[in-house]
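Hi,

Here is the structure I promised to pass on. Have a look at it first, and my notes on its cavities and pockets follow below.

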Amino acid sequence: MSREDIQSGLAEILEEVAGVAPADATPEKSFTEDLDVDSLSMVEIATAVEDKFGVAIPDDELGNIKTVGDAIDYVESHQG
Amino acid sequence: MTRIQLRKGAPGARIVGLGDYRPRRRVTNDELAQAMDTSDEWIRSRVGIAERRWAAEDETLVEMAVAAGGKALAASGMAPDEIDLVILASASLRAPIPGIGPQVAYRLGIPRPGALDLNAGCAGFCYSLGLASDAIRAGDARNALVIGVERLTDVTDMSDRSTAVIFADGAGAVVLAASDEPGIGPVAWGSDGDQFNAIEIAAGSSTMTMAGQAVYRWATTKLTETLVEAMERAGVGPGDIDVFAPHQANLRIVEQMTKKLGFGDDVVVARDIVRSGNTSAASIPLALSALLESGEAKSGDLALVLGYGAGLTVAGQVLVLP
């Protein structure tokens, strides 16, 4: 899956879980600082990403995913 | 060889009385915001709590348990000497010895019942309910008293805003009696001991820590199967459920579970956490009594309950409201 596909899939999840407008879900955006996503919504995003992309995001890895770009990188490097 | 004889059990058990105790002091989010870096908006959006009750010095675990247990006994119309099993669920005893079940029973005038404390964290009430119901069905008890009581403020670090805004105090109790028609379904229970330290009072510490994200993920992804199991074992479907009363840990978990089970507006969902905070083993009887008092739920309604918490432990069942 290309980075563009991952980004658009992630944007769908962000819209559904946290009400983020898809146009705002760009790689440089910080989940907590820019998109107002709290720690529990991050868990919901992680489980939705796991379901959608077939990757596992353990809780200790979740703490390292701070921006949309981090999430795209994570999915890209972990997808089978 | 002499054969061991067993007692004759009952076909089922049901709840015949419910009682609660809410501490006098009401603590609002605004009051907390004066003492720590938080706000009403932050607390409501993260955990859904508007206010909670904090116990005063004289509202001890024993006193709150006696108050809730006494109300449950009075509601059941049963005499104390008809009770022969008392299970007290709590995770906030400061001293592990002695358990307080026997003392609470004594204070209620229940003569020499089997009495014990049970610690399964926030799942304690549902574990106790399952064991007490089984004891009645096995004939080891005629009637039983189950109490959930907590003073979580005793084990909360008031400088840790992630837990200080959540945990609270209170007690709830039910009297169970033998019945021909089962009023408590088979328990569905389980544990995930690999996450033993997700909620803990670490050795040498006197306060509780919680890995919020890990617990939230566990509660919103793994526990739906226990809820489905509790319904399947009782032979009921989601469409038969009138009331859904999961442990009041976080309003967002309540909403996620409700959504995953597909419950619509016709199911009354307990949201007592808004007024009571997280009272661990006391939260389910407190939530049920609030729903019955407000008239949102009524006697005879079929309720699905689920306790879950430290251990990690989970237990749930279907029951008929008294």
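How much space lies in the largest cavity? About 60 Å³, in what is a predicted model. A search of the whole structure turns up one cavity of 30 Å³ or more. Its lining includes Phe31(A), Met42(A), Ile57(A), Leu62(A) and Tyr74(A). Two elements of chain A, α2 (39-53) and α4 (68-78), each give two or more residues to that lining, and α2(A) has the largest share with four. By class, you get 11 nonpolar residues there, with no polar and no charged ones.

α7(B) gives the most, four residues. Within chain B, domain 1 (12-179) and domain 2 (188-320) each put at least three residues into the lining.

Of its 14 lining residues, Val17(A), Glu44(A), Thr47(A), Ala48(A) and Gln256(B) are the closest to the centre. α2(A) turns up again, giving the most to this lining with five residues; α1 (3-18) of chain A and α7 and α9 (251-261) of chain B each supply at least two. Here the classes come to five nonpolar, four polar and five charged.

Cheers

Notes: Residues numbered from 1 in each chain as written. Chains lettered and ligands numbered in written order. Predicted model: local features only at pLDDT ≥ 70, side-chain atom pairs only at ≥ 80, totals over all residues. Heavy atoms only, no water. 1 Å grid on protein atoms, 1.4 Å probe; cavity = no way out; pocket = protein on both sides within 12 Å on 5 of 7 lines; lining within 4 Å. Points joined across faces, edges and corners; volume = space filled by probe spheres on them. Nonpolar A, V, L, I, M, F, W, Y, C, P; charged D, E, K, R; others polar. Domains from an automatic or database assignment.
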